[in-house]
Amino acid sequence: MHSIENQIVDSSFSAIINAPIEQVDIPKWCFTLPEKEYQLCSPAHIAAGFTTAPDGTRMSINVETIGGSLMVQHYAETLGEKDHLILDSDSDVFTPNGRLTIHVTWELSVKEIDAQRCEFTNRVRSYATDEMMAFLDRQGIPFEVFRAQRQPMSIAHNQGETPHFAASIERAALRNASSTKAA
């Protein structure tokens, strides 16, 4: 499956959400995120939507460019709790030398700091698929070289989007709170 040997990146960044943890619902945010809001979280974000897998599993579809390669991510929910969401995707990556897949695990979580704040963590882990390893072999590119080139771009992307995701989740949490009070 996915091991340290074929891991490309394991990147994690955190930011503060100024809302009580009880008002945060990460899966609700993720699976209702308007495309424009997704685009505002990073200049690399192109499009977003949500759908379901054939078995009914919720999915988030994200299109973005990382390191000059267009990626289409088909994130399926593997854990969905209000304070913890894990999504897995065999993402399509379009490179100048052709299309390949990369496995990405996207993990979003919050933990309470105090009654009015929580800490959001955005963790992204990516792994080379067998298809990708064969693709690199055909290109004569050692995996270590690919990983060394890809890591800084992926880490910078995650670092840039994390505070914007936190702000977006905060806005959603505060909207949830005001609609709950109005009801």
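Here is a short chat about reading strands and pockets in this predicted model.

Me: What should I know before I start?

Reply: Residues are numbered from 1 along each chain as its sequence is written. In this predicted model, local features need pLDDT of at least 70, side-chain atom pairs count only at pLDDT 80 or more, totals for chains, interfaces and linings use all residues, and side-chain values use heavy atoms, with hydrogens and water left out.

Me: In which sense do S4 and S5 pair?

Reply: Strands (E, at least two residues) and helices (H or I, at least four) are DSSP runs, numbered from the N terminus. Two strands pair if DSSP finds at least two bridges between them. Here S4 (residues 69-81) and S5 (residues 84-95) are antiparallel, with eight bridges, and a hairpin of two residues joins them. Valine 72 faces aspartate 92 in S5.

Me: Over how many bridges do S5 and S6 pair?

Reply: S5 and S6 (residues 98-114) share 12 bridges, again in the antiparallel sense.

Me: Which element gives the most to the lining of the largest pocket?

Reply: On a 1 Å grid over the protein atoms alone, a pocket is an open set of points with protein on both sides within 12 Å along at least five of seven lines, and lining residues have an atom within 4 Å of a point. Helix H4 (143-182) gives the most, with four residues. S5, S6 and helix H3 (130-139) each supply at least two.

Me: Which residues are closest to the centre of that largest pocket?

Reply: Of 17 lining residues, those are Ser69, Thr95, Phe146, Gln149 and Arg150.

Conventions: On a 1 Å grid over the protein atoms alone, a cavity is a set of points where a 1.4 Å probe fits but cannot get out, and a pocket is an open set with protein on both sides within 12 Å along at least five of seven lines; lining residues have an atom within 4 Å of a point.
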